[in-house]
Amino acid sequence: QGHRAARPVSMSAARVRVPATAVSCPCVPSAPRPSRVAAPLRTRDASARASADAMSSPAVAPFEFATAARVVFGCGTAARVPALVKELTELEGCADAPALIVAGASDRFSAPLAARLKEAGIASVTYHCAGGEPTVATAEAAIKLAKEQKCGAVIAIGGGTPVDTGKCVAAVLTNGGPNPDLYDFLEVVGRAQPLTKRCAPFVAVPTTAGPGAEVTKNSVLEAGDRKVSMRHPYMLPDVAVIDPELTMNLPKEVTAHTGLDALTQCLEPYVSNAANPLVDAISLEGIKLGARSLLEAYENGAVNIRAREDMCLCSYYGGLSLANAKLGAVHGFSGTLGGLLHAPHGAICAALLPHCCAVNVLALEGRVMSHDPSTAEKYLQRYLTVARTVTGDKDATVAEGVSALAELVTACGVPGLGAFGLKEEDFDEVVAKSKESSSMKGNPVALTDEELKDMLRRAL
């Protein structure tokens, strides 16, 4: 089956346009013109000065870009994992030690992998994460097993939970000493100490298309009623193997939640206040792929490998984007809400996404435009590009783009946050905790408490 063309969305709402520069009309009487010689000279002088001023200041802010040392993408590439592990462990001098496989609750992926590793002469032990989001307790148990079995390398196969857990294990194996304490390295609830040594060899094999954790430098773990991070550039995987065939039999609900998370992780960096030219190119392509193929993957993902390929690329591009720019209010809220509601991360992001866009646009058109029009116009133009990319309509408006996102969330069966237990009386606490998050600081506009509550109210 081929790709489904994106459908333009029709709305009766007024079209949102980036304000154009005012143009004078020659039919309207005006003050006497200056001499025919003086005006052009002054104009040329002013233009020259403006051009010189523009050329004297850089147009691109300094930026960095980091990702996994090696990425292997494509259908069937999971079969290469044993050879890749063997090559990596021989290079790092730990080929004689068993590898730790970190997997999800079932052995659907881990058992075949362990068998293939054995055939390649690689011993392994497996740790199964419980269902749901990754937790500090899960990571601690995996670290304990790895230490007991004297594991040399870590292979994570599964969704975001095994991959984030595996990153923690690989980091603590080489940095924690004989009696490691994960809290030495956790932010917010721990001591946030930096890593001082390279992590144990780590290979990430995602089986969902959403988190993009296989190319990021942090792990996000639930710690009681909040989510916290462990992060360091050393935590970037040595090898990421992205095989779309592993996602073919994902349940519809998981396809929806992870796919909308991937789309969010492309969209937020593109409109963030820390975007850069490389992230712009990658994230915009991710938005295009996610918008055109998510619904097809949701409805026909068991037979449409091309839709699954698109969503794996969308997830990969989202991981690259968030790791090298910033996110925004959706992810600013998701950590707090995840700890409060214990709902799937992707479902929380999906419920918030269209409403975050709507509230940001209202703020940009209103109070930001009144005191900083150049900034407002810059980000409104980005939202306009997003709208035209999401809808596939070169004439779409921002409002139509927001509507298209809302329709996609509904078509994928994602409920509002009220279905997960969020109540209006929770808003004050949620806003207070969320507004200080690092993701919230990447939002294109600093939102007021009332604007943040408006976003939550819309998402109920």
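Hi everyone. Before I start, one cut-off: when I call a residue buried, I mean that its relative accessible area is under 20%. Keep that in mind, please, for a model that is predicted.

Just after the helix, Gly93 has a positive phi of about 75 degrees.

Now for helix H12, residues 398-411. It has 14 residues and reaches 20 Å from first C-alpha to last, close to the 20 Å expected. How many of the residues of H12 are buried? The count is 10 of the 14, so H12 is largely enclosed by the rest of the structure. Among them are Val398, Glu400, Ser403, Leu405 and Leu408. Helices H6 (252-271), H7 (277-300), H10 (345-371) and H11 (373-391) are included in what covers the buried residues of H12. Just after H12, Gly413 takes a positive phi, again about 75 degrees.

Nonpolar side chains tend to be buried together in soluble globular proteins. Here the largest nonpolar core has 77 residues, and those with the most contacts inside it are Phe333, Leu337, Leu352, Cys412 and Leu456. H10 gives this core its largest share, 16 residues. Leaving aside residues up to four places away in sequence, Leu456 touches Phe333, Leu337, Leu352, Leu422, Phe427, Val430 and Val431. There is also a second, separate core of 35 residues, which includes Ala142, Leu145, Ala213 and Leu221.

Stepping back, the chain has 14 helices and 8 strands, and 52% of its 460 residues count as buried. Among contacts between residues at least 6 apart in sequence, 79% join residues at least 24 apart.

Finally, confidence. The chain averages a pLDDT of 89, with 88% of the residues scoring at least 70. Over residues 1-39, though, pLDDT stays under 50.

Key. Residues are numbered from 1 along each chain as its sequence is written. This is a predicted model: local features need pLDDT of at least 70, side-chain atom pairs count only at pLDDT 80 or more; totals for chains, interfaces and linings use all residues. Side-chain values use heavy atoms; hydrogens and water are left out. Helices (H or I, at least four residues) and strands (E, at least two) are DSSP runs, numbered from the N terminus. The expected span of a helix is 1.5 Å times one less than its number of residues. Buried means under 20% relative accessible area, exposed over 50%, partly exposed in between (1.4 Å probe, protein chains only). Contact means heavy atoms within 4.5 Å. pLDDT is the predictor's confidence in each residue, from 0 to 100. A nonpolar core is a set of buried Ala, Val, Leu, Ile, Met, Phe, Trp, Tyr and Cys residues joined through side-chain atoms within 4.5 Å.
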